[in-house]
Amino acid sequence: MNRKFGAGVFTAALLLATSALAQGGNEQPQMTPEQKAEMEAYMKAGTPGAPHQMLAATAGTYDLKIKSWHEPGGPAMEDTGTATRTMMLDGRVLVEEVNSSMMGTPFTGHAMTGYDNVSAKYWSTWTDSMSTGVMVSEGTCDAQKVCSFTGSWNDPIKKGPVTARMTSRWTNPTTEIFEMYGPGKDGKEMKMMQITYTKR
């Protein structure tokens, strides 16, 4: 998203500069109405708004309680960890760094979440120390910060994409519940993970 915005503004500026050189003058080039409209569209698309402020409100350090399931109705594996959330790119993207354990092994994860003004949807990426791929998700959030995302990643067993849905909700000002649902071994949806975030 940001690369497209930057490329568009750069292209518009380059066209204007080329036009000025062609005219042989040093004066500031004048934009045509069409160029002005294009520049305004790119500026609007790249300006953070209320959805980005909502993301920024979740910045901070969290303690995590993690539960994961390998089969429906089976016992949950439980782990603990921490997460740190910070805003980057002048308030456009929320970055989350996770440190925990998974099946007794140290585990780190990296997430980015943003809001695309063009598509009017939130987007998220996730990658971690137990994979070499990335999960890309898209979704919506309401005014109460209840969010629903759908994402996919390449499964090493199936050798192809697997789709899951994620939800997150705040039960109080300092507690967020994240839940992830995906296909079980029988192909039916099951709850795969639950993470309770407690803000320090």
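**Before you click**

This is a predicted model, where local features need pLDDT of at least 70, side-chain atom pairs count only at pLDDT 80 or more, and totals for chains, interfaces and linings use all residues. Residues are numbered from 1 along each chain as its sequence is written, and side-chain values use heavy atoms, with hydrogens and water left out.

**Stop 1: the barrel**

Start in cartoon view. You'll find 10 strands closing into a barrel, in the order β1-β2-β3-β4-β5-β6-β7-β8-β9-β10, with antiparallel pairing. Neighbouring strands of this sheet are turned by 25 degrees against each other on average, direction ignored. The axes behind that angle are lines fitted to C-alpha atoms, for helices over the stretch in contact, and angles run from 0 to 180 degrees between N-to-C directions. Strands here are DSSP runs of E with at least two residues, helices are runs of H or I with at least four, and both are numbered from the N terminus. Two strands pair if DSSP finds at least two bridges between them.

Now select residues 60–68 and 189–199. These are β1 and β10, paired in the antiparallel sense over 7 bridges.

**Stop 2: salt bridges**

Glu 138 lies in strand β6 (residues 135–141) and Lys 121 in strand β5 (residues 121–128), 17 residues apart. How exposed are they? Buried means under 20% relative accessible area, exposed over 50%, and partly exposed in between (1.4 Å probe, protein chains only). Glu 138 counts as partly exposed because its relative accessibility is 41%, and Lys 121 is also partly exposed, at 35%.

Next, go to Arg 85 and Glu 176. Their side chains meet in a salt bridge of 2.9 Å, N to O. This pair links distant parts of the chain, with Arg 85 in β2 (residues 77–88) and Glu 176 in β9 (residues 175–183), 91 residues apart. Both Arg 85 and Glu 176 are buried.

One more pair: Lys 191 and Glu 179, with the closest N and O atoms 2.9 Å apart. Lys 191 sits in β10 and Glu 179 in β9, 12 residues apart. Lys 191 is partly exposed at 26%, while Glu 179 is buried at 11%.

**Stop 3: the disulfide**

How many disulfides does a search of the whole structure find? Counting cysteine sulfur atoms within 2.5 Å as a disulfide, the search finds 1. Select Cys 141 and Cys 147, whose sulfur atoms are 2.1 Å apart. The torsion about their S-S bond is about 110 degrees, so the disulfide is right-handed. Cys 147 is buried, with a relative accessible area of 10%.

**Stop 4: the nonpolar core**

A nonpolar core is a set of buried Ala, Val, Leu, Ile, Met, Phe, Trp, Tyr and Cys residues joined through side-chain atoms within 4.5 Å. The largest one has 23 residues; show Leu 64, Met 166, Met 180, Ile 195 and Tyr 197, which touch the most other members. The elements giving two or more residues to this core include α3 (50–56), β1, β9 and β10.

Zoom in on Leu 64. Leaving aside neighbours within four places in sequence, its contacts (heavy atoms within 4.5 Å) include Asp 79, Val 98, Ile 195 and Tyr 197.

**Stop 5: out to the surface**

Select Asn 154, in strand β7. Asn 154 is exposed, with a relative accessible area of 62%. Beyond its neighbours within four places in sequence, Asn 154 is in contact with Gly 160 and Pro 161.

Finish with two loop residues. Asp 90, in the loop between β2 and β3, has a positive phi of about 55 degrees although it is not a glycine. At 70% relative accessibility, Asp 90 counts as exposed. Lys 159 is in the loop between β7 and β8, and its phi is positive too, at about 55 degrees, although Lys 159 is not a glycine. Lys 159 is exposed, at 72% relative accessibility.

Notes: Salt bridge = Lys/Arg side-chain N within 4 Å of Asp/Glu carboxyl O.
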